[in-house]
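User: Hello! Could you take me through a close look at one part of this model, with the cut-offs spelled out as you go?

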Amino acid sequence: MKQSIADAVQYISYYHPEDFVKGMVEAYEKEKSEAAKNAIGQILINSKMCAMGHRPLCQDTGSVNVFVKIGTKAELDITNELEDIINAGVAQGYTHPDNTLRYSIVSDPAGERKNTKNNTPAVIHYSIDNSDKIEFTVAAKGGGSENKSKFAVLNPSDSIYDWVMENVRNMGAGWCPPGILGIGIGGNPEKAMLMAKESLMGHVDIHELKERGAQNALEELRLKLYEDINKIGIGAQGLGGITTVLDVKILDYPCHAASLPVAMIPNCAATRHIHFELDGNGAAKFNKPDLDLWPDIELPMDTIKRVNIEDLTKEKLQEFKSGDTLLLSGKILTARDAAHKKIVEYKNANKPLPNGVELKDRFIYYVGPVDPVRDEKVGPAGPTTSTRMDKFTKDMMEIGIMGMIGKAERKQPTIDLIKEYKSMYLIATGGAAYLISQSIKDAKVLAFEELGMEAIYEFDVKDMPVTV
């Protein structure tokens with residue numbers, strides 16, 4: 001069991017589910033927006049590279065969710081608690097020396113928030129049936145999409161459709177679309193949230209549903225939400241276009257007549273989950289997908305501008321326009337939440353940063369990379385959600401940074417600061433972490449090494465793909 005969990009964790013770190021890949025290929029083929037099509041193309045290129053190289057699809061290798069269904073007739077020959085065995089499998093999977101994954105779990109969440117150093121504990125859900133087997137669904141869920149989860153208890157007469165549409169509009173692109181939207185309706189608060197999460201493990205089948213037609217109210221709601229969400233114009237990575245969601249999944253459960261609990265959880269472009277059974281005949285076996293599943297995609301280089309960071313000035317930034325795709329070369333710095341907090345503390349105390357780190361006229365990349373393995377300079381290094389850094393932007397602008405690289409939209413006060421300081425915001429494609437890491441030719445920690453993946457690094461990049 002422990003080995004099966006460890007193998008599952010590794011498997012989903014570099015293999016997208018086949019139905020998800022097919023959905024992304026279809027979205028790529030029908031996309032009209034050049035910027036959105038490039039973003040989907042990068043996600044698919046990254047997906048194939050990860051399948052071939054056995055490295056993580058996303059630098060945020062997620063928190064682990066495990067759904068366990070235990071058969072009452074199953075004979076469990078175990079000496080430790082089942083939960084301990086599952087967590088030991090997760091730890092083994094995340095610390096695999098040839099494909100080390102990023103540890104994102106912190107203990108004492110309301111206090112010290114100390115990293116557990118092996119990505120445990122997992123969040124485990126149990127159920128029982130009358131079989132003689134144990135079934136597992138193992139999923140890794142990134143923080144960007146988890147943070148966009150929503151819950152409400154509506155009045156029975158309220159519109160679920162209106163509530164979902166309003167929340168999708170408000171959540172923007174920080175959850176890293178295109179992806180899948182999971183909805184739970186009914187039960188009580190915790191049941192609705194659990195159903196929303198569990199629905200994300202289902203097969204991408206919205207096009208099959210469209211072909212045969214809806215046969216009940218839930219299927220009608222799925223189709224209507226799928227069509228109308230994709231008309232909002234958020235699109236891939238928030239760049240517009242016609243595909244924001246690949247599917248809308250809904251599970252429901254009877255509820256109290258006086259209430260209507262509704263939960264919504266998105267799954268990002270790094271959708272990762274697998275289902276397997278154990279029947280006493282050894283560890284689970286996972287089949288490798290056929291590499292023909294992925295198309296051969298080349299980005300249209302004639303529409304992409306190569307930019308040497310060393311040549312940029314605030315005046316030259318004004319030559320670019322929103323939607324331009326660039327290939328950046330030169331040296332950039334990294335910093336995300338914890339590093340930004342420390343930078344502002346140093347600024348307020350009028351202290352220079354450690355090791356003489358100079359931020360003026362530099363680009364700051366919001367990233368927490370995976371540790372390197374083998375001959376890598378750095379592991380997968382995709383962007384984190386930029387809005388978390390908005391509260392630090394004024395201080396960073398006053399220090400004199402040139403620009404920022406992250407993912408998804410910025411809040412209006414930050415947009416105003418970008419205009420005021422004649423700066424520039426670039427997005428790197430979330431869900432293309434391994435592809436992006438191939439453009440990082442060197443990486444070294446400059447400051448705050450104790451923060452681990454949140455330390456300030458200097459990356460030397462060559463042709464790093466970004467969009468203005």
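What follows is a walk through the packing of helix H2 and helix H3.

Analyst: Happy to! This is a predicted model, in which local features need pLDDT of at least 70 and side-chain atom pairs count only at pLDDT 80 or more, while totals for chains, interfaces and linings use all residues. Numbering starts from 1 along each chain as its sequence is written, and side-chain values use heavy atoms, leaving out hydrogens and water.

Helix H2 spans residues 18-30 and helix H3 spans residues 34-53; helices are DSSP runs of H or I with at least four residues, strands are E runs of at least two, and both are numbered from the N terminus. The axes of H2 and H3 lie 9 Å apart, at an angle of about 150°. Axes here are lines fitted to C-alpha atoms, for helices over the stretch in contact, with angles from 0 to 180 degrees between N-to-C directions. H2 and H3 are therefore roughly antiparallel (over 145 degrees; under 35 is roughly parallel, 65 to 115 roughly perpendicular, the rest oblique). The crossing of H2 past H3 is left-handed, that is, the near helix is turned anticlockwise from the far one by less than a right angle. On the H2 side, the contact (heavy atoms within 4.5 Å) is made by Val21, Met24, Val25, Ala27, Tyr28 and Glu29. H3 contributes Lys37, Ile40, Gly41, Ile43, Leu44 and Ser47.
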